[in-house]
Amino acid sequence: MSDFIGDLTITLVLTIADTDHSIPAGNVKFVDLALTPYGFNGKVSFVVSCEESPDALFTPMTTLNDLIEVSLQVQSYTTDTDAVISPLILSGLVTTRSFSEQTLTNILKTQTFMLHRHYHLEFADPAQVLWKQHYPCDLLTDTTLTALITAHKSEKINLLYDWPDVLNKTYPVLTLSLGAPGNPASFYDYLIWLVDTNNGVFSYDIANNQYSLSAVKSQIGTVQSLDPLEVFEYSVNFPEIHRHQPNVLNAYSESPLNTAITNAAVASPIRRDYIQRYPIAADMTARVTLETARLKQYLHEVLVSYNNFQMQVTPPGMLVDFKASSAWNASLFVHANTYQVRQWRLVASAVKQELTLDLNNSYSRYEMQHSLVLDSKAELNVALPPYVLPVYPFFVEGKIVSEQGEDTDASYQFYTDSDTSVNYYQISIPLWAKKNVRAAYQSNMDTGQFYFPPYKNARVLVGLGFDNAFIGDFLDWGSGTALPMDSQGNQLVMGKSTTSQNIIKHTYVDSKPELQIQRTDDKDTELLQFSTGYIILQTQLEEDS
């Protein structure tokens, strides 16, 4: 990348507590901007003179914790009145700030005079700044991803939804695990993970400060030809080819399946397996479709280095080509192609580093590095930021729901999904307003020889996945099940209540084992008891008093 010197007009406005603070272009000493299809990061430093008027930024910068909004515009400075200029316009939020001070000490050492302050800010697009500090645990039922994301969207984040197949699908359960122990992922990580694993697109329109969740890549505006007089050099890179054989494996014992996905560039026996249990055949089919769509070979990319700042800025997402003039030879590899900007980069440092120079000027001279990274217009792969995987499941407490019998009955109930015919439990989660979640109707820790569905109001540990729930453990004894410690006993209580139940109980009486089998139906009681030296068989009907 080449260094070059040029004149820029950098307009900077900081908004703090609804008050705008404008910084003259000549006061800006440094900018570092990195733009991508999903957002941007920036640094800027500027000088505020205190010689003629107080520093209006000092108090809000040092005493307020309000959001600091940044509006930055960068453009070439020229005296050519016929020049067509398209500036770069950014709107973001400050993350970190610092400053240094320079004073003039008079002859009287007790007097000082503040000359100026040199401020340094780092900033980024709103989603990065806010969602990277957002670590919610949440539970939604019978809802969509659109509703979940909207519930966690700040007013500073303008988001469009254009991905109906994924975002508008209704899920019985949707959860966020981002505040759970051992989970370092933020909501920003969660969102990028969601997009990546579902073959979607997360993009940012810099000019309109607007994000999109969509199924396909967007392309901004008409094709703009790059100016050969501005370009220093370019190179063409061909990324590594995917050589693996994708396979989707269904580990469900009743319908095991291994489905291979075609990759014409495979180098056998290299493979990438995706294994999971899919009791529902449609889920297996959907996963095969998804992984087929995710297998996309990278096309070439073009790295462009500049020797002048762009008169017409081409931010990420914009279409460009190399056909502007005869300076681009038709035999060039890049000449026949149309490209989309993937990265836009600028580092500019004022040539005159003396802080008092160029103050309040309408432009300043900078030493710069400026570059682009271009993808082929036909490129299907989507640029996404690095992210941390959200950790699932996380665990909360719940109580089993049953609509069978009276409110006080220890009844059990399973429900059946009308679409899949799969049975499930309903579990009430007190932490989230007693929302009911669906959990798999299965034997949990018991073997198939035991049939003990959990009874109404039993406290259970519920594992919450991204879009599912399951019973992880049982947290207390049923009513009347626990025995005193001195009995050293075991007991199996089955039934709805103390007046309708069967009990098998083993205890020690005088250090000798005793076994009881007791049936109770209202006032009718039958007892079979085995003790040392005798067997009791008793039936009893209690009379009304």
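Mentor: Start with a sorting rule. Ala, Val, Leu, Ile, Met, Phe, Trp, Tyr, Cys and Pro count as nonpolar. Asp, Glu, Lys and Arg count as charged. The others, Gly among them, count as polar. Keep in mind that this is a predicted model.

Now apply the rule to the second largest pocket. Its lining divides into 14 nonpolar, 13 polar and eight charged residues. That lining is made of 35 residues. Nearest the pocket's centre lie Tyr455, Trp477, Gly478, Thr481 and Val493. The space in this pocket comes to about 1000 Å³.

Which strands supply at least two residues each to the lining? They are β27 (469–474), β28 (490–497) and β29 (500–509). β28 gives the largest share, with six residues.

Follow β28 into its sheet. Strands of a sheet pair through backbone hydrogen bonds, either parallel or antiparallel. Here five strands form an open sheet, in the order β28-β29-β30-β31-β32, and the pairing is antiparallel. The edges are β28 and β32 (534–541), each of which pairs on one side only. On average, neighbouring strands of this sheet are turned by 10° against each other, with direction ignored. Look at one pair inside the sheet. Strand β30 (residues 512–521) and strand β31 (residues 524–531) run antiparallel and are joined by seven bridges. Arginine 519 stands opposite glutamate 526 of β31.

Next, step back along the chain to strand β24. This strand covers residues 423–429, and six of its seven residues are buried, so it is largely enclosed by the rest of the structure. Take its pairings one by one. Strand β22 (residues 394–401) runs antiparallel to β24, with three bridges between them. In that pairing, lysine 399 stands opposite serine 428. Strand β23 (residues 415–416) is also antiparallel to β24, through two bridges. Tyrosine 415 has tyrosine 424 of β24 as its bridge partner. The hairpin of β23 and β24 has six residues between the strands. Serine 421 in this hairpin takes a positive phi near 65°. Then comes strand β25 (residues 435–440), which pairs with β24 in the antiparallel sense over six bridges. Tyrosine 424 turns up again here, with alanine 440 of β25 as its bridge partner. Five residues lie between the strands in the hairpin of β24 and β25. There, alanine 433 takes a positive phi near 50°.

Move on to a sheet with mixed pairing. It is open, has three strands, and its order is β16-β15-β17. At the edges stand β16 (257–260) and β17 (271–276), each with a single partner strand, so one side of each is left without a neighbour in the sheet. Neighbouring strands are turned by 20° against each other on average, direction ignored. Strand β15 (residues 245–250) runs parallel to β17, and six bridges join them. Glutamine 245 stands opposite arginine 271 of β17. Helix α6 (residues 281–294) packs on this sheet and touches β15, β16 and β17. The direction of α6 makes about 165° with that of β15.

Now a helix in detail. Nine of the eleven residues of helix α5 (residues 187–197) are buried, so α5 is largely enclosed by the rest of the structure. Phe187, Tyr188 and Trp193 are among those buried residues. What do the buried residues of α5 pack against? Their partners are α2 (126–131), α3 (145–151), β10 (171–177), β11 (201–205) and β12 (210–214). Just after α5, asparagine 199 takes a positive phi of about 60°.

Finish with two single residues. Methionine 318 is in strand β19 (residues 318–321). Its relative accessibility is 13%, so methionine 318 counts as buried, the cut-off being under 20%. Setting aside residues up to four places away in sequence, methionine 318 touches Ile220, Gln224, Val313, Tyr339, Gln340 and Val341. The C-alpha atoms of methionine 318 and glutamine 340 are separated by 5.5 Å, though the two are 22 residues apart along the chain. Phenylalanine 99 lies in strand β6 (residues 88–105). At 34% relative accessibility, phenylalanine 99 counts as partly exposed. Beyond its neighbours within four places in sequence, phenylalanine 99 is in contact with Phe58, Thr62, Arg117, His118 and Tyr119.

Notes. Residues are numbered from 1 along each chain as its sequence is written. This is a predicted model: local features need pLDDT of at least 70, side-chain atom pairs count only at pLDDT 80 or more; totals for chains, interfaces and linings use all residues. Side-chain values use heavy atoms; hydrogens and water are left out. Buried means under 20% relative accessible area, exposed over 50%, partly exposed in between (1.4 Å probe, protein chains only). Helices (H or I, at least four residues) and strands (E, at least two) are DSSP runs, numbered from the N terminus. Contact means heavy atoms within 4.5 Å. On a 1 Å grid over the protein atoms alone, a cavity is a set of points where a 1.4 Å probe fits but cannot get out, and a pocket is an open set with protein on both sides within 12 Å along at least five of seven lines; lining residues have an atom within 4 Å of a point. Grid points are joined across faces, edges and corners, and a volume is the space filled by probe spheres set on the points. Two strands pair if DSSP finds at least two bridges between them. Axes are lines fitted to C-alpha atoms, for helices over the stretch in contact, and angles run from 0 to 180 degrees between N-to-C directions.
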